[in-house]
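Have a look at the picture first, then we'll go through some of its parts.

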Amino acid sequence: MYSIAYGCELLQLPVGSEGECNIPLAIERWTGLLPSEYYCTQNGRRVLAADHGNLVPDVPLRVCERLPGGKGGFGSMLRAIGAQIEKTTNREACRDLSGRRLRDINEEKRLKAYLEKQQEAEDNERAKAERKIAKLLSKPKHEFHDKEYEHARSELVVAADEAIEEGLQKAIVLEMEQAVKDAVTAEVAVTTKTAADTQAKDSRKRKLPDAKSKKAPAKKGALWLGVGDLSSSSETDDDSTDESSDGAVAKGKLAAV
């Protein structure tokens, strides 16, 4: 006995019936579908309903409707697009047999290579610095020998030293001369001031006793003898007045000095 499934419905064909002998006719009468509008599958494989030799009686025969297609050209369009798509060569996201990402493995390799290059660069720099230092410390290959030049150079150094010493000596001599001049000037000023003070004192001592000696006779008692004595006394008073005025003038000058 054959079973036919269409959607959620199931049709069973008894043994020896007309439908069992002509399955496409039974499907047409049951569903109203023409053979060109459907296809049959059994166990997931496509089969022909009229071929009884390939059908299994105990497995239901499933009826699937065909879908209306377009005018075609879809396959050629897919092929054209596929030609434009570039195949990727990036396998960084894949994993190896140990489960590690290829991206991590490649990054580790690049890091090792970078560290090796850095070490080599440092070694090269160190070697260059050592060669440069050795070259600077080594004696120059070019040798210059000129006796006249060496003699002139040594004389130039000696002459420069002598000139410096001579200049220092001249500066010291000038400073000493200036100091001596300043000392002499100060001493002359002190001497002049001392002489002026001494002269003023001598003149004061010399003039003051004369005035006293002239004024002294006037204090003594004397007899009036006449007009002659009167004239002589007046002259004496005039002289004493002149001397006192001269002494006052001299004192004013000394005070100004």
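How far apart do the end C-alpha atoms of residues 112-139 lie, and how much of the span is helix? This is a predicted model, so keep that in mind as you read. In it, those end C-alpha atoms are 42 Å apart, and the span is 93% helix and 0% strand. UniProt, in an unreviewed entry, places the feature "coiled-coil region" at residues 112-139.

Now hop over to helix H2, which covers residues 23-31. Its buried residues are Ile-23, Pro-24, Ala-26 and Ile-27. Looking down the axis of H2, you'd find these buried residues within an arc of 160°, so they line one face of the helix. Just after H2 comes Gly-32, which takes a positive phi of about 80°.

Next, helix H3: it spans residues 74-84, and Phe-74 lies in it. Phe-74 is part of a nonpolar patch on the surface, along with Met-77, Leu-78, Ile-81 and Ile-85. Together, these residues have about 510 Å² of accessible area.

| Residue | Relative accessible area |
|---|---|
| Cys-8 | 88% |
| Phe-74 | 53% |

The cut-off for exposed is over 50%, so Phe-74, at 53%, makes the list.

What about disulfides? The structure holds zero of them. Take Cys-64: the closest cysteine sulfur to its own is in Cys-40, 7.8 Å away, which is too far for a bond. A disulfide needs the two sulfur atoms within 2.5 Å.

Terms used. Residues are numbered from 1 along each chain as its sequence is written. This is a predicted model: local features need pLDDT of at least 70, side-chain atom pairs count only at pLDDT 80 or more; totals for chains, interfaces and linings use all residues. Side-chain values use heavy atoms; hydrogens and water are left out. Buried means under 20% relative accessible area, exposed over 50%, partly exposed in between (1.4 Å probe, protein chains only). Helices (H or I, at least four residues) and strands (E, at least two) are DSSP runs, numbered from the N terminus. The arc is that of the directions from the helix axis to the C-beta atoms. Patches are made of residues with over 30% relative accessible area and no salt bridge: like charges are joined within 9 Å, nonpolar side chains (Val, Leu, Ile, Met, Phe, Trp, Tyr) within 5 Å. Accessible areas come from the Shrake-Rupley method with a 1.4 Å probe; for residues, only the protein chains shown count as cover. A salt bridge is a side-chain nitrogen of Lys or Arg within 4 Å of a carboxyl oxygen of Asp or Glu. UniProt positions are given in the numbering used here, feature names are shortened, and annotations may be inferred rather than shown by experiment.
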